[in-house]
Amino acid sequence: RCFLEDKKGNMWFSTHFGLLVKYDGKSFTNYPQMEEETIFSVIEDSIGNIWLISERNRGLIKYDGKQFYLFAEKQGLTDNRLRSIVQDKKGNFWIGTKKGLNYFVPPAVQDTVSKTIQFNSTDGLLGEEFQDNAAYIDSKGNAWWNTNKSINRLETNNINTDTATPYLQLSHLNVNGRNIDFHHLNNDNSD
């Protein structure tokens, strides 16, 4: 289904029948704990962890070279039905799901909640159902995805991921072409 050459030169392969194999140039290593998974996306992050997306809709799987960890809705993802993953230059992940796009900052400590922000059509996405393993980040930091309706491009370097509620201050109020002096309005809901 997919393959990856990691920074150490190891080749990672997955099959449609739930097999994850690493080839180090001399021998093959099978990971039996992944035999029930059908992996359709595999990437390596900037520090050498291997990240996997499975068709079983369990979430995101991380392999740190010693053991596997699962990140799912319980750890902050907005949907377990993941379809594609890319990592930006800041080391954070953009994950296409069946319900939109997740900006995912892995937690520094395992088994804690991650920072996740969901983007969907109200944020300008042209389609919310992302396709399997159809994501790419180009040399300028633009992320590209294929959805059920279109191709989306996102300038990951220009996205504000601050989730703090902005302070709202009105300076003018215009209703049906008329300026309203709202400074003298009361709260009794009458005309």
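Here are some numbered notes on the predicted model shown above, going from the whole chain down to single residues.

1. **Ground rules.** This is a predicted model, so local features need pLDDT of at least 70 and side-chain atom pairs count only at pLDDT 80 or more, while totals for chains, interfaces and linings use all residues. Residues are numbered from 1 along each chain as its sequence is written, and side-chain values use heavy atoms, with hydrogens and water left out.

2. **Overall shape.** The radius of gyration is 22 Å, while a compact globule of 191 residues would have one near 16 Å. That radius is taken over C-alpha atoms, and the globule rule is 2.2 Å times the number of residues to the power 0.38. Along the principal axes, the C-alpha atoms fill a box of roughly 80 × 35 × 30 Å.

3. How much of the protein is buried? Of the 191 residues, 42% are. Here buried means under 20% relative accessible area, exposed means over 50%, and partly exposed is in between (1.4 Å probe, protein chains only). The accessible surface comes to about 11900 Å², and carbon and sulfur atoms own 48% of that. These areas come from the Shrake-Rupley method with a 1.4 Å probe, and for residues only the protein chains shown count as cover.

4. A contact means heavy atoms within 4.5 Å. Among contacts with a separation of 6 or more, 36% join residues 24 or more positions apart. As for charge, there are 21 positive and 24 negative side chains, and the centres of the two sets lie 4 Å apart. Lys and Arg count as positive, Asp and Glu as negative, and His and the chain ends are not counted. Each charge is placed at NZ of Lys, CZ of Arg, CG of Asp or CD of Glu.

5. Look in the loop between β8 (68–71) and β9 (82–87) for Asp-79. Is this residue buried or exposed? Asp-79 counts as buried because its relative accessibility is 3%. Its side chain makes a polar contact with the side chain of Arg-81 at 3.2 Å, and also reaches the backbone nitrogen of Lys-99 at 3.4 Å. A polar contact is a pair of N or O atoms within 3.5 Å; within protein, one must be able to donate a hydrogen and the other to accept it, and residues adjacent in sequence count only if both atoms are side-chain atoms. Leaving out residues up to four places away in sequence, Asp-79 touches Glu-73, Thr-97, Lys-98, Lys-99 and Asn-102.

6. Val-42 belongs to strand β5 (residues 39–44) and is buried, because its relative accessible area is 10%. Setting aside residues up to four places away in sequence, Val-42 touches Cys-2, Phe-3, Leu-4, Ile-50, Trp-51 and Leu-52. Asn-10 sits in the loop between β1 (2–5) and β2 (11–14). This asparagine is buried too, with a relative accessible area of 10%. Apart from neighbours within four places in sequence, Asn-10 is in contact with Leu-4, Glu-5, Lys-22, Tyr-23 and Asp-24.

7. **Lys-149, out in the open.** Now try the loop between β14 (142–147) and β15 (151–155), where you'll find Lys-149. Lys-149 counts as exposed because its relative accessibility is 67%. Not counting residues up to four places away in sequence, this lysine touches Leu-126 and Gly-127. The C-alpha atom of Lys-149 is 8.0 Å from that of Glu-129, 20 residues away along the chain.

8. **Two asparagines with positive phi.** Asn-133 is not a glycine, yet its phi is positive, near 50°. This residue is in strand β13 (residues 130–137) and is partly exposed at 41% relative accessible area. Asn-176 also has a positive phi, about 50°. Asn-176 lies in the loop between β16 (174–175) and β17 (178–179) and is exposed, with a relative accessible area of 78%.

Methods:
Helices (H or I, at least four residues) and strands (E, at least two) are DSSP runs, numbered from the N terminus.
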